[in-house]
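Dear colleague,

Please find below the structure that I am handing over to you. A short account of the findings comes after it.

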Amino acid sequence: DAPPLHQQSPDFRPGTHGPPPPAKLGRAADCMAKRAAVAAAAAVASAWVLPTAAAKAVAGAGAPGCQAAGGEAGECSATAASPQRDQVLLQLPTRVHHAKTLLLQAENPYRWRTNGVTEGEGEWCLAYAPTSDFMLKTCPAGSVGQRVQLKVLTYNLYWWNLFGAKFQNGNGGSAGKLIAENGDDEPFDFMGFQECEEISRVMKDAGLSATYGTIVGNHAVAVAYRVAAWTHLVSGLVEVAEDRPEQWWGMRGVLWARFKHTQTGRTVFFMNHHGPLPVGSGGRCGRRATAWNLLRTIGTYAQEEDTIILVGDFNSDATTATIQELEERMHRVFTGNSFGGVDHILSNCGGAHVTGRKILGKGGSDHDALQVMFAL
């Protein structure tokens, strides 16, 4: 039998695990959840601390479009969005963060420049190409004596199977144990998880609940950070893509967060993304569109002094236009082997700044966890 909806992976494959639920039911559920999230967010927006551009936009922001498509009841599709609108989730700098979603009208994006070329015409995820001089390959220089060692992880947890009660049921905490074993000598600073329905369970299995803060986003993506070394400044979620109809599980976002090093004041802009399906397609708006929307997120919310790190299961290997567009602007510092190499870590710090790369193993998942060490 197919696993229950809440246990199914966005990468659920009918040929392996049974028939997926009807797409219309999935779209309707996503539609209702989206509306509920916007309503809840609007109720508490006045109590949030928002970035300047976002704060100015809250009062005039409307709810995301969610309407019947093609005249068929039960289907939900986003209305075509203006190129100046972003689906943005903003969070308070507290120890544990749970996502609320708002649609915000942003000001002119910081550092973002486009040449006018587009992909995804007529779709909500319409993307604009950056100009040729929009480059993110320069590692910010720190002050003399402020060298920072940074250890990051990306890990798709295969949640419905690894943690599903009718399947591996946690596999004795194998994913958490894998993290703990590889963090004994040097703890991870940032960890990005995909297909992660309950990050607190993973951190408990790893014995790290007391030493890490967590940021929980929509679409089963989450981030953990080491609180002794890093202060969370602000974070958010931007919708950047959507699955195509033939393998539709919903919209796809990138969870981002800015952190400040407690000793040196160095800042990091950390991003965690789970890419659209089918694998290699780039989703509804196309391969380049997904890459351009990710780059625009950086150009809008990162700061000049930030070390930028983008991790995730992109559902695209290094030969696709999605990764090639990103690699043209950033350093692709590591790629795994799972599913032909769809897990990647990219940064504006490459070359000698990357001091270690390691495939950690699967720990019960169908993806390897990846680790990269930086010297900043």
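This is a predicted model: local features need pLDDT of at least 70, side-chain atom pairs count only at pLDDT 80 or more; totals for chains, interfaces and linings use all residues.

Residues are numbered from 1 along each chain as its sequence is written, and side-chain values use heavy atoms, with hydrogens and water left out.

The protein chain has 8 helices and 19 strands; helices (H or I, at least four residues) and strands (E, at least two) are DSSP runs, numbered from the N terminus. Of its 376 residues, 56% are buried, that is, under 20% relative accessible area with a 1.4 Å probe, protein chains only. Contact means heavy atoms within 4.5 Å. Among contacts between residues at least 6 apart in sequence, 68% join residues at least 24 apart.

Strand β10 (residues 212–216) has 4 of its 5 residues buried, so it is largely enclosed by the rest of the structure. Strand β11 (residues 222–226) runs antiparallel to β10, and 5 bridges join them; two strands pair if DSSP finds at least two bridges between them. Thr214 has Ala224 of β11 as its bridge partner. The two strands form a hairpin with 5 residues between them, and His219 in the turn has a positive phi of about 65°.

Strand β12 (residues 230–242) is likewise largely enclosed by the rest of the structure, because 11 of its 13 residues are buried. β12 is joined by 11 bridges to the antiparallel strand β13 (residues 251–261), where His261 is the bridge partner of Trp230.

Turning to the helices, 13 of the 15 residues of α7 are buried, so this helix is largely enclosed by the rest of the structure. The end C-alpha atoms of α7 are 22 Å apart, which agrees with the 21 Å that its 15 residues should span at 1.5 Å a residue; the expected span is 1.5 Å times one less than the number of residues.

The axes of α7 (residues 287–301) and α8 (residues 321–329) come within 7 Å and cross at roughly 35°. Axes are lines fitted to C-alpha atoms, for helices over the stretch in contact, and angles run from 0 to 180 degrees between N-to-C directions. The contact includes Trp292 and Leu295 of α7, and Glu325 and Leu326 of α8.

With kind regards

How values were computed
Buried means under 20% relative accessible area, exposed over 50%, partly exposed in between (1.4 Å probe, protein chains only).
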